[in-house]
Amino acid sequence: MPRDPDTLLRKFHEARWDEQIIFEMSVPGERGILVNEADPKVRKAVGNAASSIPNGLRRKSAPKLPEVNQMRVLRHFMHLSQETMGTDVTIDISQGTCTMKYSPKVQEHMAGRHPGIREIHPLQPAETVQGLLEIIYSLEKFLKEISGMDRFSFQPAGGAQAAYTASSIVRAYHASRKDLERTETITTMFSHPCDAAGPSTAGFNVITIMPDKDGYADIDAFKAALSKRTAAIFITNPEDTGIYNPRIDEFVKAAHDVGALCYYDQANANGMLGITRARDAGFDLCHFNLHKTFSVPHGSMGGAVGALGCAGYLAKYLPVPQVKYDKKKGYYYDYGTKDSIGKVRSFMGNTQSLVKSYSWIMQHGAEGLHETAVCSVLNNNYMMKLLSEVPGVTIHYAPGKRRLEQVRYTWEQLKKDTGVGTEDVMRRMADFGLQHYWTSHHPWVLPEPFTLEPCESYSKDDIDEYVAVLRQISKEAYENPEFVKNSPYNQVVHRVPNPSINEPERIAVTWRQYLKKGLDKKSSSKLQSKRVHS
Amino acid sequence: MAKERTIFPYIPNSVPEVKAQMLEEVGAKGVMDLYVEIPDRLRFKRKLRLPPPILSEYELKRHVGGLLDKNKNIKQYLSFLGAGCAEHFIPAVCDEINGRGEFLTAYVGEPYADHGKWQALFEYCSLMGELLDMDVLSCPLYDGAQAAATSIRMASRITGRKEVVVQKQLNPEVKLVLRNYLKPDISIREVGFDGTTGLTDLTDLRSKVSSRTAAVLIENPSYLGVLETQAEEIGKITRERRAEFIVYTDPISLGVMAPPSQYGATIACGDFHPLGIPVVAGGGQGGFIATHDDMTYISEFKDLMFGITNTTTPGEYGFGEVLFDRTSYGSREKGKEFTGTSTGIWAITAAVYLSLMGPKGMEETGKTIMQMSQYAAKQMAGIRGVKLQFPRTPFFKEFVVNFDATRAKTVEKVNRALLARGIIGGKDLSKELPELGQSSLYCVTEVRTAEDIHRLVQAIKEVA
């Protein structure tokens with residue numbers, strides 16, 4: 001039966017293949033693929049060239065890779081893909097802050113398959129890749145307009161690497177001014193962990209500002225933390241709560257007044273395209289996640305791009321090479337000045353993603369970007385309204401205020417009433433064909449959190465179905481809490497009783513480690529499994 | 001007639017009637033009312049200056065395809081570029097799997113609905129572990145350069161020391177990353193190499209490794225292609241000083257070459273790009289770090305680790321997070337460096353590649369690469385004026401060719417003339433390593449044929 005028209009719930013079961021680990025499929029002698037050999041002419045001329053490897057560097061025994069025929073390898077990974085709930089197959093409102101929007105297939109077909117990107121070597125002379133450089137140059141122009149910044153680098157291969165790159169630029173900027181006492185950065189608890197960890201990796205001591213009673217970063221605590229030691233602030237707005245901080249420019253001004261730079265983590269930009277810009281609020285640096293706002297698929301955790309923008313006076317510190325244009329030379333690589341921080345990623349980063357984001361912006365134009373923003377915000381406020389009526393859900397902070405693209409909800413009340421917490425609900429929801437929602441970064445701050453972002457890709461009907469599932473689970477929790485706690489039921493596997501693996505004897509991150517530790521034997525369940533398979 | 005509003009196919013609620021219903025539900029007159037929290041002074045008042053949109057999918061394809069058509073690609077041109085991004089054979093099954101929408105569009109889901117992703121990444125670690133003969137890997141890193149940088153930071157945390165010794169001829173793509181990433185506290189000392197053999201200068205090395213040394217990092221095969229035949233000795237010198245011995249290796253060499261762990265490396269790292277991933281203008285890189293099963297090392301990895309474990313159902317494999325608090329996701333600035341979205345889709349691709357190849361495929365591929373590259377080197381050495389920079393040192397995949405004694409005199413001229421003949425010559429080394437004169441780094445892998453080599457040789461004879 002299709003989705004129930006009244007409840008909007010599906011009778012769903014994810015694929016469950018009871019799949020072995022690839023090593024268990026090995027049959028000695030089987031081949032997955034035959035590879036080409038050197039021509040006879042070549043073999044005659046150089047013999048078994050591998051014998052030139054000196055004894056100490058020669059592989060003595062073959063790697064213990066599995067030997068599996070091709071169809072079985074294909075089937076195995078097809079099974080694993082079916083046991084994965086990508087955004088292509090679910091209403092992915094779940095992974096809040098991650099902007100799980102539709103990654104258009106046309107982009108994938110172009111950027112993934114066209115030889116003009118797939119078969120390009122990154123060190124080819126600029127004159128041979130004018131089309132690609134034009135795309136990169138144009139995309140930079142677009143993002144400059146969208147953010148108000150003066151320059152962009154696409155080298156950072158993820159948002160966290162962008163925050164780290166910005167930290168390196170901050171360090172170089174102050175060093176160039178011989179301002180060596182600036183050893184601290186300030187971030188807020190509801191900013192992404194990379195806004196603390198990036199600067200920390202670059203050598204800064206990090207001060208974290210907690211939220212005030214309305215959920216905004218506490219401005220008094222913030223001002224008290226600023227000093228001549230402050231190198232930069234790394235903040236976002238709205239934070240994970242989705243509440244736009246109208247005093248953001250006051251934060252920026254206060255930071256500038258003590259000589260600090262201001263970095264805006266714009267992983268959340270989706271609701272603000274064409275509405276408000278980082279540079280106009282005074283920020284010196286910002287980054288966009290092209291894999292969030294600009295439609296690049298998330299790729300089971302990458303590749304990604306943290307497009308890093310900056311004001312003109314920081315451009316000389318950006319990673320090299322940068323793509324520039326000259327009427328005579330056409331598009332060319334500029335390896336910059338001695339001030340550049342050098343590189344953070346080899347070559348030019350994930351260039352295929354740039355083709356995708358370029359395509360997405362070209363498809364939408366100014367009107368489409370605006371529509372993206374307003375529909376994502378409308379979706380979010382619509383969903384918040386529906387969820388506010390679900391028993392057990394609490395929406396903290398700033399009551400009555402509009403949120404932008406996401407909301408941090410909590411099941412605090414549900415937990416108090418039923419003992420069912422956010423992780424229980426999270427497991428259960430996948431039984432209805434929805435990706436597990438994301439709770440919150442650590443530490444949680446709010447009890448039993450969950451964070452949803454119904455970006456513009458999702459229809460009203462999608463949102464209604466999503467809310468129906470959460471309403472159903474809330475109902476189940478009030479009626480039969482143990483049922484929810486023992487979920488999932490319709491999933492690839494059942495509940496992992498102890499998913500935090502911290503004891504050395506339990507750590508097995510590879511198959512060989514699992515076997516060496518005898519974890520296969522220690523588990524009586526495994527013996528039973530063998531019986532099943534025989 | 002008023003212009004009709006565009007209904008964007010990726011924005012379902014751009015349908016006015018739906019929008020109106022939703023606005024009513026939230027009690028707002030118009031969508032802009034929802035932005036009431038953004039003060040007027042911070043509002044962007046004009047329309048974004050972007051090109052008019054290309055609304056139809058067909059026209060978009062024509063437009064983007066037209067731009068990409070302008071690029072000269074390495075299927076049309078015969079390319080000898082490598083230097084960290086070499087052209088290798090890609091089995092069709094690799095592309096089939098990394099094109100699967102379920103993998104391509106998954107992100108950070110839990111190991112129930114995303115069990116398959118967790119298992120695929122666990123298998124990536126497991127297969128790499130066999131190739132490297134080491135027990136522990138984390139989820140992938142951005143690229144080999146990041147893997148090298150983090151390996152050194154791990155070594156520094158393990159030893160409490162703040163110096164690292166690297167080869168002068170280290171791949172500049174890696175070196176430039178290290179120079180930034182190791183700031184502000186770890187200093188880099190470079191050890192020279194012998195201009196006739198390409199091998200690390202051991203005397204120089206001994207003088208630079210001390211009780212302050214956190215690690216010695218060598219590339220093997222080296223950036224210049226040669227096998228570092230003294231690797232074991234370098235390891236001994238390093239370990240005598242209780243420093244970590246980090247070897248940056250090319251995984252596709254490991255069917256024929258010993259993995260670093262077998263000649264003393266305590267940390268192996270590198271880029272798994274060669275394992276079934278396209279060159280895609282440098283977008284196909286992915287980093288790995290491997291160590292032995294030792295908590296001293298395991299605790300220092302910076303990225304997520306997926307451990308295999310039990311579920312409540314007997315006989316079922318489940319997955320969980322290993323030592324989550326190590327990471328910046330768990331502990332913010334107190335975590336190990338920083339973690340984030342990296343290269344999951346390529347790690348899954350590498351897992352498919354290694355599963356297909358098996359031990360025999362890796363051995364045969366390694367052998368073919370050595371045969372083809374040696375053949376190419378031999379043929380090129382027969383051209384008047386062209387000589388091999390390190391003729392007596394064994395090498396893998398890449399080798400340095402010197403053009404000092406040719407009529408063309410410079411690599412730049414040679415490469416320009418080759419390009420006119422449809423060939424992309426090796427990487428010009430004359431600026432980064434001027435002591436090698438007019439030298440070029442040629443990369444020859446299993447995808448080259450004898451015919452390709454003859455074409456190259458003929459062209460060089462004409463132009464050099």
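Predicted model: local features only at pLDDT ≥ 70, side-chain atom pairs only at ≥ 80, totals over all residues.
Just after helix α5 of chain B, D133(B) takes a positive phi of about 55 degrees. Of the 18 residues of α5(B), 18 are buried, so the helix is largely enclosed by the rest of the structure. Helix α5(B) lies across strands β9 and β10 of chain B, and it runs at about 115 degrees to β9(B).

These two strands belong to an open sheet of three strands, in the order β13(A)-β10(B)-β9(B), with mixed pairing. Strand β13 of chain A and strand β9 (306-310) of chain B stand at the edges; each has a single partner strand, so one side of each is left without a neighbour in the sheet. Two bridges join β13(A), residues 500-501, to β10(B), residues 317-322, and the two strands run parallel. In this pairing, S500(A) has E321(B) as its bridge partner, while I501(A) stands opposite V322(B).

The contact between the chains involves 191 residues of chain A and 185 residues of chain B. On the side of chain A that touches chain B, helix α10 (residues 351-387) of chain A supplies the largest share, with 24 residues. The residues on this side of chain A divide into 88 nonpolar, 67 polar and 36 charged.

In soluble globular proteins, nonpolar side chains tend to be buried together. The largest nonpolar core here has 316 residues, and those with the most contacts inside it are Y263(A), I152(B) and I246(B). Helix α12 (residues 344-381) of chain B gives the most to this core, with 19 residues. Apart from its neighbours within four places in sequence, Y263(A) is in contact with A166(A), A232(A), I233(A), F234(A), F283(A), L285(A) and C286(A).

Several loop residues were also examined. P238(A) is found in the loop between β4 (230-235) and α9 (248-257) of chain A. P238(A) counts as buried because it has 23 C-beta neighbours inside 10 Å, where 20 or more are required. Leaving aside neighbours within four places in sequence, the contacts of P238(A) are I243(A), Y244(A), N245(A), N268(A) and L404(A). The C-alpha atoms of P238(A) and D257(A) are separated by 23 Å, with the two residues 19 apart along the chain.

Most residues other than glycine have a negative phi, and most peptide bonds are trans. T97(A) is not a glycine, yet it has a positive phi of about 75 degrees. T97(A) sits in the loop between α2 (70-82) and α3 (105-113) of chain A, and with 23 other C-beta atoms within 10 Å it is buried. In chain B, K397(B) likewise has a positive phi of about 75 degrees although it is not a glycine. The loop that holds K397(B) runs between β11 (387-388) and β12 (398-402) of chain B. K397(B) is buried, as 23 other C-beta atoms lie within 10 Å.

Cis peptide bonds occur as follows. One joins S487(A) and P488(A), with omega about 10 degrees; P488(A) lies in the loop between α14 (481-485) and β13 of chain A. Another joins K183(B) and P184(B), with omega about 0 degrees. P184(B) is placed in the loop between α7 (172-181) and β4 (187-191) of chain B.

Notes:
Residues numbered from 1 in each chain as written. Chains lettered and ligands numbered in written order. Contact = placed C-beta atoms within 7 Å. Helix = DSSP H or I, 4+ residues; strand = E, 2+ residues; numbered from the N terminus. Nonpolar A, V, L, I, M, F, W, Y, C, P; charged D, E, K, R; others polar. Pairing = 2+ DSSP bridges. Buried ≥ 20, exposed ≤ 12 C-beta atoms within 10 Å, placed from the backbone. Core = buried A, V, L, I, M, F, W, Y, C linked by C-beta atoms within 7 Å. Axes fitted to C-alpha atoms, helices over the stretch in contact; angles between N-to-C directions.
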